[in-house]
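User: I would like to go through this structure by asking what stands behind each term. Please set every value against its definition.

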Amino acid sequence: MGDTIAEKIIRSHLVEGDMTQRGSEIGLRIDQTLTQDATGTMAYLQFESIGVPRVRTERSVAYIDHNTLQSGFENADDHRYIQSVAKKYGIYFSRPGNGICHQVHLERFGKPGKTLIGSDSHTPTGGGIGMLAFGAGGLDVALAMAGGAFYISMPKMVRINLTGKLSPWVSAKDVILEVLRMLSVKGGVGKIIEYGGEGVATLTVPERATITNMGAELGATTSVFPADEVTRRFLAAQGRVEDFTEISADPDAVYDETYTIDLSALEPLAACPHSPDNIKTVTELAGMKIDQVCIGSCTNSSYLDLMRVAAILKGKKVAETVSLSIAPGSKQVYTMLAQNGALADLIDAGARILECACGPCIGMGQSPNSGGVSLRTFNRNFEGRSGTADGQIYLVSPEVAAVSAVNGVMTDPRTFGEYPEVVLPERFFTNDNMIVSPAPEGNDIEVLRGPNIKPFPQGTDLPDAIETTVILKVGDNITTDHIMPAGSKILPYRSNIPYLSQFCFAVCDKEFPERAKKMGGGIVVGGANYGQGSSREHAALVPLYLGVKAVLAQSFARIHMANLINSGILPLTFCVAEDYDRFQQGDEIALPKVREEVEQGQDITVENRTQGFTVKAALSLSDRQRAAILAGGQLRCLREQH
């Protein structure tokens, strides 16, 4: 029996565990790491606390791409801190303006067959080049930089066979939106999505990266394409052909699930508010008035994407009722657009050109008007994420976005005229002068810290019993944006947990932060897929700071559950899903034997003393995770062991 692509890479990087047992914990050797500045400061504070003198990976890169709006000293101080840490500890530093981490990493650092983890949930973008790339919390990245393994539950393997070829005006964005329509935002949990079939050869690396990028919205562990001749040509065009290694699934590889998508049968699609799997055809939505169009993000800001947009806009004018902003994904893309004249076409049409950064995707500017309809080529349209509470955000392809910007209404691009064919260049323009190399080992670089950088909270030993209160009850698909919002007003304080605590769960309940402080913390009750979305461990660290002792939910998203365990917060799952309905906010709760039950690997007894009943909650932990929970978090556990 042969191996899938993912199984081949896992097998060559396995340092702990049994990969033949689906769902069991395995540890992987990590070749590369990346961080971005919204999560990086905390990750490097944690790395410093581990105490190793130098990163032990093949390549670690710190990117500045999220908090680039410098309206005060906070972001600039964080950037200075990250740059000094990178210089000291052997980390390459991608300066502000060099581009979005996933786009730049694909261009300049990604290697087929390698493992990559990043403190950003869209790190699976690297799967477009044949990497096994995972989003992770900052502490997991810090531990990997220190030479530790990265732990996941051995995923199921899912094969998506691609047949045919995309029709004109249908794009890679429509492929992943179709997958989301098929599987939903929960359909990838505990699974690796592999793409195969003859249709793969018709997709460029940037198109494949769009698909693997948004695989994060499936809840998938990661997604991956084979590394083939298309991959080799892309790396050769980047001047990195020596980094190419061919990798594909064995003909007799066995998958747990298999699906087929006929690329030639797809049509332009859109994800409607407020979930990436709320899919309709653009034809169904055609004629809807729009207020804003944003093109960019790590999903659709490649040279290929923006050259198509430029061809559509050339000689045209953006509708007077529409604000169009465009953010190139990297300095490489931006420079090439400027060199070939495409940038002038974008500007002449009335586009507002933003810097090479995440920008509007994480609410860092360009919020739509009240109730405004915004078409975005991004990957998430969670409620309030745009910075406008009642913004109506639709996720579409660059082609749909550009054509609609001209017409002022949602438009099926197939009605627009001849499709602009764009061919990737034989050689990309490469200039890495905004990537700073680390200092030699044994340096005496001073780490520079600003006044906004505060110590991160840590837990305490798990007590014998917990008596507390349900301080919040929420529903299904609660995202990390609900738990710890982003945006231009909040992101500058990512390194200041006490300040951030004012905004915890504010999207769900504005009174939560004050109530949590007044009551000394408590338990949060949630529905299915709790913690989906971003990898931000602030969604665990801030509740920890506020005294949250446990989350009792129907199910958890992978990265958030790992972040809760790393922080020492109990991620409890209802043994009977319907028990969720029996709990109400304000109920007095007891976990009378919690330490004993954790130590013995038993289900956890949960007494609802207000309503007079007792239920059981599962706590599925490996021995490593159990030790972390008992010690009050992964870092405290490591210190006890050493």
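Analyst: We can begin at one end of a helix. D228 caps the N-terminal end of helix 8, with a side-chain oxygen 3.1 Å from the backbone nitrogen of V230. This is a predicted model, in which local features need pLDDT of at least 70 and side-chain atom pairs count only at pLDDT 80 or more, while totals for chains, interfaces and linings use all residues. Residues are numbered from 1 along each chain as its sequence is written, and side-chain values use heavy atoms, with hydrogens and water left out.

User: Which residues of helix 8 are buried, and why are they said to be on the same side?

Analyst: V230, T231, F234, L235 and A237 are the buried residues of helix 8 (residues 229-237), where buried means under 20% relative accessible area with a 1.4 Å probe, protein chains only. They cover an arc of only 160 degrees around the axis, so they lie on the same side of helix 8, the arc being that of the directions from the helix axis to the C-beta atoms. These buried residues pack against helix 4 (101-108) and helix 7 (205-213).

User: What makes a set of residues a nonpolar core, and how many residues has the largest one?

Analyst: The term requires buried Ala, Val, Leu, Ile, Met, Phe, Trp, Tyr and Cys residues joined through side-chain atoms within 4.5 Å. The largest nonpolar core has 78 residues, and those with the most contacts inside it are I10, F505, F512, Y530 and V551. Its largest share, 6 residues, comes from helix 5 (residues 138-145). A second, separate core of 62 residues includes I129, L304, A310 and A319.

User: What makes a space a cavity rather than a pocket?

Analyst: On a 1 Å grid over the protein atoms alone, a cavity is a set of points where a 1.4 Å probe fits but cannot get out, whereas a pocket is an open set with protein on both sides within 12 Å along at least five of seven lines. The largest pocket has a volume of about 890 Å³, and about 230 Å³ of space lies in the largest cavity.

Technical notes. Buried means under 20% relative accessible area, exposed over 50%, partly exposed in between (1.4 Å probe, protein chains only). Helices (H or I, at least four residues) and strands (E, at least two) are DSSP runs, numbered from the N terminus. Contact means heavy atoms within 4.5 Å. A polar contact is a pair of N or O atoms within 3.5 Å; within protein, one must be able to donate a hydrogen and the other to accept it, and residues adjacent in sequence count only if both atoms are side-chain atoms. On a 1 Å grid over the protein atoms alone, a cavity is a set of points where a 1.4 Å probe fits but cannot get out, and a pocket is an open set with protein on both sides within 12 Å along at least five of seven lines; lining residues have an atom within 4 Å of a point. Grid points are joined across faces, edges and corners, and a volume is the space filled by probe spheres set on the points.
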